[in-house]
Amino acid sequence: MELTIEEQDMLAGGQGWATRKAMEILVALGTIYGAERMLAVTSVQVAGVSYDNLGEAGLAFLSELADGGGRARVLTTLNPAGMDVENWRALGIGEDFAGQQMRVLEAFARMGIVTSCSCTPYLAGNLPHFGEHIAWSESSAVCFANSVLGARTNREGGPSALAAALTGRTPAYGYHLDAERRPTVTVRVGARLAGSRDFGALGKAIGERLAASGARPVPFITGIERASLEELKSFCASVATYGGTALFHMEGITPETAALTPPAEAFEVTQAEVDAAAQSLSDAAPGEVDFVSLGCPHLSIAEIAHLADLLRGRRVTKEFWITTARSTKALADRMGYTRVIEASGAKFATDTCCVVAPIGGRFTALATDSTKACYYAASKNRFHTLFMPFDEVVREALK
Ligand code: F3S
């Protein structure tokens, strides 16, 4: 791999221990994937923030990097933590966990990383533009950045994203290269879609078909007339979860499609398949739901405004978490949405989500509009799930 003089200096330790460690990670990665050089990145999103996933070993590694002079060289934001940094007691998070989680966030902050704690960095001040090379982890955000924004990133892991932050570099391979961004299969959608639940179900149906093909396909999706930001957010999380997809093109909607030709290889996704994908995510028995959550990926301010309308003057009967970025919550505070939502008994779980918080064993069944939340609720926390449209999720909380 050809390195510039500055990159060689980083690798030789001339810019400190942490920078050397970070460059070693990137060179190893670039060598594995056959990268010929490094690229300068303008934005980083680091996942792997919850102490529940990191444990003592992860915390020790972060502290070592911070002590070793590690400092972010470009705008770097963080994925959700294992708790709401301010409201953790009300969410039933233990004192010990909270202490360790705060140490994790302090280590990131010492490295100059913005402790945004959100999986929608594009709604919270980290919004790269078309063609920018970036290094993001968090599969839903990676898919959104590549596909909807037209920025360029591989699906980084937490350590490689952090290494990119500390060096401002990432190896030039994968979705950074034009050749790897070309679509490989056309997907014709023959279903009527409205709302985050439908787009999530579509993402599951397409993702599973793509995963079954074995390769790493880039779908060119046709047949969708319009999609809102929230619907695309939901679709990205779902197709990334079920298909491992990091990049798609959606005709007439995402920015690269105009310059691309739909591949001859094609398959169709029907209404019946989308309906079946949705139905497959509900296994909770009637009356079993004891936990409700919206905000996977984190809610936008428009979704919170709608939620406030639905909850105004009502009382929820179940534990109900509203997960969003702290900057979005600040807007909700200003607009009075927070007051309305909290008066209903629902709780903001800002900075975190129902997947990364340590809540295994606390609930039996989760109601949500998120396919990704369903997937992890079942696989990580062993909850049953009820997958339904946004408004019906709220009705379930009020039952
Ligand atoms: Fe975000 Fe948590 Fe879902 S990190 S995409 S809300 S699993």
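Colleague: Which residues does Phe-291 touch, not counting residues up to four places away in sequence?

Modeller: In this predicted model, Phe-291 is among the residues with the most contacts inside the largest nonpolar core, which has 55 residues. Strand 11 (291–299) is one of the elements that give two or more residues to this core. Leaving out residues up to four places away in sequence, Phe-291 touches Glu-319, Trp-321, Cys-354, Ile-359, Phe-363, Ala-365, Leu-366, Ala-367 and Phe-383.

Colleague: In the open sheet of four strands, which are the edge strands?

Modeller: The order of the sheet is 9-8-7-10, with parallel pairing. Two bridges join strand 8 (residues 219–222) to strand 9, and within strand 9 the bridge partner of Phe-220 is His-249. An edge strand pairs on one side only, and this holds for strand 9 (249–250) and strand 10 (266–270).

Colleague: What angle does the direction of helix 10 make with that of strand 10?

Modeller: Helix 10 (residues 271–279) packs on the sheet, where it touches strand 7 (185–190) and strand 10. The angle between the direction of helix 10 and that of strand 10 is about 65°.

Colleague: How many disulfides does the count come to?

Modeller: Cys-143 is buried, with a relative accessible area of 0%, and Cys-236 is likewise buried at 0%. The cysteine sulfur nearest to that of Cys-143 belongs to Cys-236 and is 4.0 Å away, whereas a disulfide needs the sulfur atoms within 2.5 Å. Cys-143 is therefore in no disulfide, and the count of disulfides comes to zero.

Definitions and conventions:
Residues numbered from 1 in each chain as written. Predicted model: local features only at pLDDT ≥ 70, side-chain atom pairs only at ≥ 80, totals over all residues. Heavy atoms only, no water. Core = buried A, V, L, I, M, F, W, Y, C linked by side-chain atoms within 4.5 Å. Buried < 20%, exposed > 50% of the residue type's maximum accessible area, 1.4 Å probe, protein only. Contact = heavy atoms within 4.5 Å. Pairing = 2+ DSSP bridges. Axes fitted to C-alpha atoms, helices over the stretch in contact; angles between N-to-C directions.
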